[in-house]
Amino acid sequence: MVYMRQYLSRKSRTIRIIFGILLLVILMYLLSTYNKETNYTFDSPIAARLSHRERPKLVSGLGNFEPKQIDEVEGPGEGGKPYHLRQDQQNDADQSESEYGMNVACSDEISLDRTILDTRLSECKHWDYPENLPSTSVIIVFHNEGWSVLLRTVHSVINRSPPNILKEVLLVDDFSDKENLKGRLEGYIEQFNGKVRLIRNSQREGLIRTRSRGAKEAKGEVIVFLDAHCEVNTNWLPPLLAPIYRDRTVMTVPVIDGIDHKTFEYRPVYGEDRHFRGIFEWGMLYKENEVPQRELSTRKHNSEPYKSPTHAGGLFAINREYFLELGAYDPGLLVWGGENFELSFKIWQCGGSIEWVPCSRVGHVYRSFMPYNFGKLAQKKKGPLITINYKRVIETWFDDKYKEYFYTREPMARFLDMGDITDQLALKSRLKCKNFQWFMENVAYDVLDKYPELPPNIHFGEMRSVAVSKCLDTLGHAPPSLMAIQHCHGFGNNQLIRLNAKGQLGVGERCIEADAQGIKLAFCRMGTVDGPWLYDENTHTMLHRVHKKCIALHPQTSHLSLMPCDINNAYQQWIFKEIRPK
Ligand code: UD2
Ligand code: MN
């Protein structure tokens with residue numbers, strides 16, 4: 001009995017001690033969260049948006065991740081300044097520009113660890129993010145990139161990412177044939193002690209499939225894709241990861257600054273107070289539009305993330321498993337183009353969202369031209385690959401009404417073979433994805449303001465002169481530029497003229513207009529789909545209703561201009577002929 005009592009009192013003492021310790025732990029925890037709440041200057045976007053129910057997820061507190069200080073360094077291209085080669089290096093510069101579409105000779109002179117301009121809003125330095133952000137694989141796919149440009153991308157990621165969050169940089173070589181990329185790369189990346197990993201395709205797959213492969217092979221919880229000619233800016237990674245930490249179905253996109261392809265100058269893309277987001281026109285050209293008030297007003301601070309209908313393609317972060325659950329990219333999309341829309345529509349329509357993150361900045365070199373061909377994959381296809389990709393995307397994700405706008409803008413696409421999209425449609429119904437009308441009303445509500453619904457075409461094809469049997473042609477010149485007359489080649493392209501039911505005459509997304517100099521290719525007036533033209537099916541003349549004159553070809557000079565209409569003059573007569581893809 002005594003023994004029993006002793007036992008009980010010992011037991012209750014233990015219980016009291018345990019209880020005391022527990023109380024102390026709870027007290028300390030409360031004290032520490034109290035400190036966390038009061039210590040930071042700004043509401044963190046993540047803390048601010050976490051509801052009370054979600055808050056316990058924030059197990060390890062908040063951190064700011066800003067570098068202590070950034071030293072000023074002198075040297076070529078330091079601080080992101082432009083670097084100009086000496087006169088006697090000009091040959092190398094020209095040679096590398098024609099090989100790579102950028103001045104790799106200039107890049108070669110600049111340190112792989114160079115400093116760049118911090119282009120962020122000053123507010124950005126004050127945000128706090130969860131300390132236990134998801135581990136991240138940065139995936140860089142490349143095909144025949146310049147050595148120093150590719151490796152500066154890698155160095156910038158290593159130098160400017162928190163080491164405990166950056167799981168790896170995964171380089172995926174899409175079958176490059178340049179000797180240095182084939183031979184020296186393995187040796188070079190040894191200095192990163194396994195943090196940089198390299199895998200290679202055994203045949204050319206194109207960037208889209210190569211990215212999907214990278215996603216499968218990556219080890220991080222989140223994957224971030226970068227083009228192979230980028231430099232990430234100060235503290236770029238935590239702000240990209242925080243929204244994904246909050247919600248794994250958010251894809252995040254950094255703001256893309258420009259790196260000059262001739263001088264490697266690092267330049268901020270827009271001024272302090274302006275925010276842009278990704279939209280599209282009906283020919284599926286990617287466009288950026290100032291963020292509408294409806295979206296801006298949902299935020300408290302100017303540097304907070306905002307929602308965007310789509311993205312440029314190259315640079316973004318996404319939860320790896322979520323990306324794979326969405327089927328990665330449609331494997332039927334080949335090489336280049338349209339994959340940005342496919343992923344965007346899929347994410348939004350199937351329950352996820354896209355946010356652009358002003359506090360995450362990454363520089364990208366826009367090349368002067370595309371230095372590679374599309375390889376064997378493209379040769380097997382009939383017709384232009386990019387348009388085929390677009391067709392797959394719109395046939396999967398658009399409603400019928402919107403598909404018509406695409407075919408009005410890209411009439412030849414109707415005749416292209418896009419392959420089988422059964423799997424894509426099955427995924428769409430399995431994930432119970434919403435229709436395109438929902439997307440247009442709730443997400444991409446600014447698209448129709450800029451690119452209204454398109455009236456049907458009355459004619460499309462080549463516009464041939466009855467007098468000389470040659471065709472109206474843009475000569476591939478950028479607007480504003482004079483139109484000309486050329487041998488009819490029957491391939492469309494610069495000779496694919498469209499006339500719509502509201503009198504707009506155009507080539508692709510551009511319009512044909514007339515002024516004192518002649519008949520010109522011009523930018524269409526934003527937000528309009530009409531025009532001044534009236535085609536007479538009987539006399540074959542093209543009347544400008546405002547000037548009350550007709551398009552005429554000069555018999556001697558072949559110059560095109562407006563002249564008083566003369567229905568019997570063959571130099572004012574035009575025949576439309578429909579073109580089919582060859
Ligand atoms: C833009 C995107 C790009 C991609 C493309 C459409 C940005 C800044 N860039 O074109 O990421 O979405 O639109 O598809 O948004 N590459 C390969 N295999 C190939 C061709 C290219 O691995 O067959 C690599 C290339 O080395 C580069 C990346 O893919 O690292 C993107 O190619 P790009 O830079 O030529 O595309 P870009 O910036 O013109
Ligand atoms: Mn690029």
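Which of the 23 residues around ligand 1 come nearest? In this predicted model, the answer is E145, R204, R211, E339 and Y372.

**View 1. Polar contacts between ligand 1 and the residues E145, E339 and G314.** The side chain of E145 places a polar atom 2.6 Å from an oxygen atom of ligand 1. For E339, an N or O atom of the side chain is 2.5 Å from an oxygen atom of ligand 1. G314 takes part through its backbone, with an N or O atom 2.9 Å from a ligand 1 oxygen. On its own, ligand 1 has 740 Å² of accessible area, and the protein covers 92% of that area.

**View 2. Make-up of the shell around ligand 1.** Two elements, β3 (136-142) and α8 (206-217), each give two or more residues to this shell. The largest share is that of α8, with 3 residues. By residue class, the shell around ligand 1 holds 9 nonpolar, 7 polar and 7 charged residues.

View 3. D227 sits in the loop between β6 (222-226) and β7 (230-232), whereas H364 belongs to strand β14 (residues 353-365), so the pair ties together parts that are 137 residues apart in sequence. Is H364 buried or exposed? With a relative accessible area of 10%, H364 is buried, because the cut-off for buried is under 20%.

**View 4. The side-chain contact of T119 with N233.** T119 lies in the loop that runs between α4 (104-108) and β2 (129-130). Its relative accessibility is 10%, so T119 counts as buried. The side chains of T119 and N233 are joined by a polar contact of 3.4 Å.

**View 5. Domain division of the protein chain.** Domain 1 is made up of two segments, 78-82 and 109-365. Domain 2 spans 457-577. How far apart do the C-alpha centres of domain 1 and domain 2 lie? The distance between these centres is 43 Å.

Note on methods
Residues numbered from 1 in each chain as written. Chains lettered and ligands numbered in written order. Predicted model: local features only at pLDDT ≥ 70, side-chain atom pairs only at ≥ 80, totals over all residues. Heavy atoms only, no water. Helix = DSSP H or I, 4+ residues; strand = E, 2+ residues; numbered from the N terminus. Buried < 20%, exposed > 50% of the residue type's maximum accessible area, 1.4 Å probe, protein only. Near = heavy atom within 4 Å. Polar contact = N/O pair within 3.5 Å; in protein donor to acceptor, adjacent residues only side chain to side chain. Areas by Shrake-Rupley, 256 points an atom, 1.4 Å probe, with all protein chains shown as cover. Nonpolar A, V, L, I, M, F, W, Y, C, P; charged D, E, K, R; others polar. Domains from an automatic or database assignment.
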